[in-house]
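Hello,

Here is the structure you were to receive. My notes on it follow below.

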Amino acid sequence: MRVSSFTVVSTELSNGSHVLANAITGAVDVVSPEVGAPLWEALSESATTGPWQVSPEQAAHVVASLGSSKRSQLSARGHLTTLPVVSEQHLMSAIAHGTHKIQARQPVVAILPSLECNYRCTYCFERPLQHDLEARSGNDKFDGVLMTQDHLEPLYGAIDAILADGDARQGRILMLYGGEPLDRRNARLVTALVEKGLQRGYTFHAMTNGHDLDHYLPLLGKRGIGRVYVTLDGPKHIHDGRRVVTSGESSFDAITRNIQLLIDATDAEIDLSMRLDPSNTPWASEALRLYDTWDWTANPRVTIGARPVHVTGANGAVHPALNESDLLAHLRQATAPYARVVPSRIAGLVVRMLKPVLESGARLQADGTHCSANSGSYLFAPDGAIYACWGAPCERECKVGTYMGPDGLSFDTETANRWFTRKVADIPACRSCAYALFCGGGCALHAERNNGELFSPNCNDFPFAFSQCLADEVDAYLDVGSRAGLRSLNAASNPFPWAHR
Ligand code: SF4
Ligand code: SF4
């Protein structure tokens with residue numbers, strides 16, 4: 001008997017116990033310090049890079065120390081097993097393929113009406129794209145940079161064809177993305193685009209800087225653009241230095257005014273992100289207190305999350321300016337009182353995974369794919385092309401097709417297959433990682449840029465952050481009253497819309 005290769009252990013709960021979660025059996029259990037502490041030690045000290053697993057010697061030592069009744073309890077839950085390692089890996093692979101198949105039938109569609117933006121944020125990953133806009137367009141009409149009325153028929157023809165084939169995710173929702181999709185300068189085109197989509201039975205979400213939301217008020221709400229994803233980077237004097245309006249006015253004033261307008265005058269939902277690096281992280285708690293005074297933290301239509309800015313080095317490698325564990329260290333305490341605020345992407349992932357388990361005794365649902373770019377994301381750009389990855393719109397490496405050419409919708413099968421088939425079971429270094437079915441192999445774009453290979457792991461510090469969040473959420477659930485209880489994020493709401501959960 002040995003410790004399952006796919007049982008992960010949480011950090012310590014406030015009462016000294018630990019959580020075990022097994023991605024194959026779907027079991028989640030709280031275990032005593034005598035069982036949990038040595039397993040956590042064995043897992044956390046066994047590796048400094050993936051694959052992350054308990055070393056067989058240390059695990060054998062833990063198993064030998066257990067009494068027979070404890071052994072049979074843990075084995076009934078799948079945390080101990082007699083299966084050979086390779087058989088468990090086959091099970092992991094079968095789950096990864098099965099969940100990928102389901103996700104591939106739920107394509108995610110985004111429309112980029114414009115590649116231009118009325119902001120020049122200091123850390124924007126699209127800055128090189130925007131520097132290049134004039135050269136891209138080749139003329140003063142900005143062809144290929146802004147959509148026109150001529151795009152609309154082929155655009156919706158292609159979207160209809162893609163979605164006709166799948167089980168549309170969360171209904172028939174299209175994401176407006178950019179550049180800035182809700183720039184007031186494009187209101188006529190964007191209004192026509194949205195109205196045409198509504199006539200065809202679609203509704204919309206928008207990832208926007210929020211600056212011109214007041215110019216789109218008639219379209220905002222559940223019957224039109226039902227949710228907006230907006231970023232605020234701290235209190236005004238911090239935020240305005242990072243999210244810079246080309247016209248020179250305060251972006252903080254415009255965005256906060258518009259969020260309040262949305263709350264008061266529409267039924268739209270708001271997902272608010274804080275984009276953090278070491279310079280503004282110390283201000284995140286003050287920003288939360290501000291949102292609290294405006295009642296945003298308690299509003300059931302508002303979800304708040306933090307995520308790191310990513311930094312590209314001179315060699316093209318991409319890293320988070322802060323890893324998830326740093327975010328947690330800064331924000332765990334500050335976010336704990338709020339049921340609708342998550343300190344990091346992985347905290348949101350853990351909340352969504354645990355909710356059905358803790359509330360109705362369901363099995364933990366594992367997932368073999370990191371994000372929708374690896375199962376079916378279709379970003380429609382003004383240049384007539386379709387791209388797979390949200391982090392690299394208009395980059396040749398993720399151009400999976402076209403929709404404006406003489407042939408209508410057409411795919412580059414090789415590139416589409418490369419992007420849309422990556423799952424954790426196909427990444428050799430991930431196959432023996434205990435976290436495989438929770439992590440999904442990490443961001444494919446960053447894996448390619450950092451390792452030169454799309455089918456390679458991108459761990460960052462996923463295991464440590466996941467284990468910490470597992471402990472925090474179970475702790476909060478068990479300790480209702482003194483803390484927030486299990487966070488109650490809207491199940492459909494996700495501050496990271498390209499992620500699966
Ligand atoms: S997580 Fe990575 S691969 Fe997925 S959409 Fe974002 S940048 Fe692209
Ligand atoms: S990328 Fe994720 S699944 Fe792969 S080794 Fe790293 S942590 Fe494990």
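A residue is called buried if 20 or more other C-beta atoms lie within 10 Å of its own, exposed if 12 or fewer, and partly exposed in between. Glu-395 has 14 other C-beta atoms within 10 Å and is therefore partly exposed. Please keep in mind that this is a predicted model.

Two loop residues

Glu-395 sits in the loop that runs between β16 (385–387) and β17 (399–405). From Glu-395 to Asn-258 there are 137 residues in sequence, and their C-alpha atoms are 32 Å apart in space.

The other loop residue is Arg-431, located between α14 (413–420) and α15 (436–439). Arg-431 also counts as partly exposed, because 18 C-beta neighbours fall inside 10 Å. Leaving out residues up to four places away in sequence, Arg-431 touches Gln-89, Ala-425 and Ala-436. Arg-431 and His-151 are separated by 280 residues in sequence and, C-alpha to C-alpha, by 43 Å in space.

The sheet

An open sheet is formed by 11 strands, with mixed pairing, in the order β14-β11-β10-β9-β8-β7-β6-β15-β16-β17-β18. Its edge strands, β14 (341–342) and β18 (408–411), each pair on one side only. Within the sheet, β9 (residues 225–231) and β10 (residues 269–276) pair in the parallel sense, over 5 bridges. Thr-231 has Ser-273 as its bridge partner in β10. Helix α12 (residues 324–335) packs on this sheet, where α12 touches β10, β11 (302–308) and β14. The direction of α12 makes about 160 degrees with that of β11.

The ligand

What surrounds ligand 1? The shell holds 9 residues, and the closest are Cys-371, Ala-373, Cys-389, Gly-391 and Cys-443. By type, the shell around ligand 1 divides into 8 nonpolar residues, 1 polar residue and no charged ones.

Confidence

For the protein, the mean pLDDT is 90, and 92% of the residues reach 70 or more. Which elements have the lowest and the highest mean pLDDT? The lowest belongs to helix α6 (residues 133–137), at 66, and the highest to helix α10 (residues 251–265), at 98. Residues 491–495 have pLDDT below 50. In the model, that stretch has 13 contacts beyond near neighbours in sequence.

Regards

Key
Residues numbered from 1 in each chain as written. Chains lettered and ligands numbered in written order. Predicted model: local features only at pLDDT ≥ 70, side-chain atom pairs only at ≥ 80, totals over all residues. Helix = DSSP H or I, 4+ residues; strand = E, 2+ residues; numbered from the N terminus. Near = placed C-beta within 6 Å. Nonpolar A, V, L, I, M, F, W, Y, C, P; charged D, E, K, R; others polar. Pairing = 2+ DSSP bridges. Contact = placed C-beta atoms within 7 Å. Axes fitted to C-alpha atoms, helices over the stretch in contact; angles between N-to-C directions. pLDDT = per-residue confidence, 0-100.
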